[in-house]
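Open your viewer and get ready to click. We'll go from stop to stop, and at each one you'll hear what to select and what is there.

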Amino acid sequence: MAKNLKLDPRQSECYLAESTGLIRAIRYPQICKGKQAWGAGVHTDGSLLSIVCQDQVGGLEVYNHNKWLPVKPIPSTFIVNIGDMIKAISNDEYVSVKHRVRVNKQEDRISMNYFVFPDFDCIIQSSKYKPFTYKEFQAKGQKDLETLGFVVGIEGFKLYK
Ligand SMILES: O=C(O)CCC(=O)C(=O)O
Ligand SMILES: [Fe+2]
């Protein structure tokens with residue numbers, strides 16, 4: 001990906017930090033029949049990339065060509081989702097994937113998620129977005145949540161709308 005985007009080694013090192021990575025294990029408890037709930041509502045990840053390892057239960061759905069597609073669990077297989085940071089770095093060439101998680105009615109679901117971020121102080125340069133650091137992006141998301149009740153995300157940094 002870095003090669004495709006013609007990033008120089010210094011840029012890729014700062015964009016693809018190892019020190020800021022985060023692993024999150026999530027358990028989605030089953031819900032009773034007749035009840036409707038989402039394990040995770042529609043969102044894109046603020047990461048560079050997110051690597052998902054899901055169990056056999058399933059429930060993850062991605063939005064593609066105006067349709068929600070279930071991501072079928074395949075044993076020993078990871079799912080790599082493109083995050084908002086790659087979208088910005090690639091000047092929208094790569095698009096962060098909208099996804100959500102449906103809750104299962106028969107059993108709990110467990111997923112392990114590894115989020116890759118840029119260095120928090122690394123300046124993201126893009127022709128489509130104003131320069132920002134991941135630290136600023138994260139702070140803006142937090143502020144959006146407190147003031148608006150939802151996260152605007154990368155579109156809030158867009159240069160021309
Ligand atoms: O549990 C999953 O499959 C995905 C979780 C997710 O989208 C997230 O934590 O951002
Ligand atoms: Fe996600």
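**Stop 1: ligand 1**

Select Arg24 together with ligand 1: an N or O atom in the side chain of Arg24 is 2.9 Å from an oxygen atom of ligand 1. Before you click on, know that this is a predicted model, where local features need pLDDT of at least 70, side-chain atom pairs count only at pLDDT 80 or more, and totals for chains, interfaces and linings use all residues. Residues are numbered from 1 along each chain as its sequence is written, chains are lettered from A and ligands numbered from 1 in the order in which they are written, and side-chain values use heavy atoms, with hydrogens and water left out.

Do the like for His99, where a polar side-chain atom lies 3.0 Å from an oxygen atom of ligand 1. The protein covers 94% of the 300 Å² of accessible area that ligand 1 has on its own (areas come from the Shrake-Rupley method with a 1.4 Å probe; for residues, only the protein chains shown count as cover).

How many residues surround ligand 1? There are 13, and the closest are Arg24, Tyr28, His99, Arg109 and Ser111 (a residue counts if one of its heavy atoms lies within 4 Å of the molecule).

**Stop 2: the iron ion**

Keep His43 and His99 on screen and select ligand 2, the iron ion. Which residues are its protein donors? They are His43 (NE2), Asp45 (OD) and His99 (NE2), lying 2.1 Å from the iron ion. Donors here are N, O and S atoms within 2.8 Å of the metal (3.2 Å for Na, K and Ca), and water is not among the atoms, so sites may look incomplete. Along the sequence, the donor residues are spaced H-x1-D-x53-H. His43 sits in strand E2 (residues 38-43) and His99 in strand E7 (residues 99-102), 56 residues apart, so this pair links distant parts of the chain. Helices (H or I, at least four residues) and strands (E, at least two) are DSSP runs, numbered from the N terminus.

Are these two histidines buried or exposed? His43 is partly exposed, with a relative accessible area of 29%, while His99 is buried at 5%. The cut-offs: buried means under 20% relative accessible area, exposed over 50%, and partly exposed in between (1.4 Å probe, protein chains only).

**Stop 3**

Zoom in on strand E4 (residues 60-64), which three bridges join to E7 in an antiparallel run. Click Glu61, a residue of strand E4. Opposite Glu61 stands Arg100 in E7. The Glu61 side chain also makes a polar contact with the side chain of Arg102 (2.6 Å). A polar contact is a pair of N or O atoms within 3.5 Å; within protein, one must be able to donate a hydrogen and the other to accept it, and residues adjacent in sequence count only if both atoms are side-chain atoms. At 8% relative accessibility, Glu61 is buried.

**Stop 4: the other sheet**

Next, colour E1, E8, E3 and E6: these four strands form an open sheet in the order E1-E8-E3-E6, and the pairing is antiparallel. At the edges, each pairing on one side only, are strand E1 (22-28) and strand E6 (79-82).

Seven bridges join E1 to strand E8 (residues 109-116). Strand E3 (residues 49-54) pairs with E8 over six bridges, and Cys53 stands opposite Met112 in E8.

**Stop 5**

Most residues other than glycine have a negative phi. Select His65, in the loop between E4 and E5: its phi is positive, about 50°, although His65 is not a glycine. His65 is exposed, at 71% relative accessibility.

Then jump to Lys6, in the segment before H1. Phi of Lys6 is near 55°, again a positive value in a residue other than glycine. Lys6 counts as exposed, at 72% relative accessibility.

Definitions and conventions:
Two strands pair if DSSP finds at least two bridges between them.
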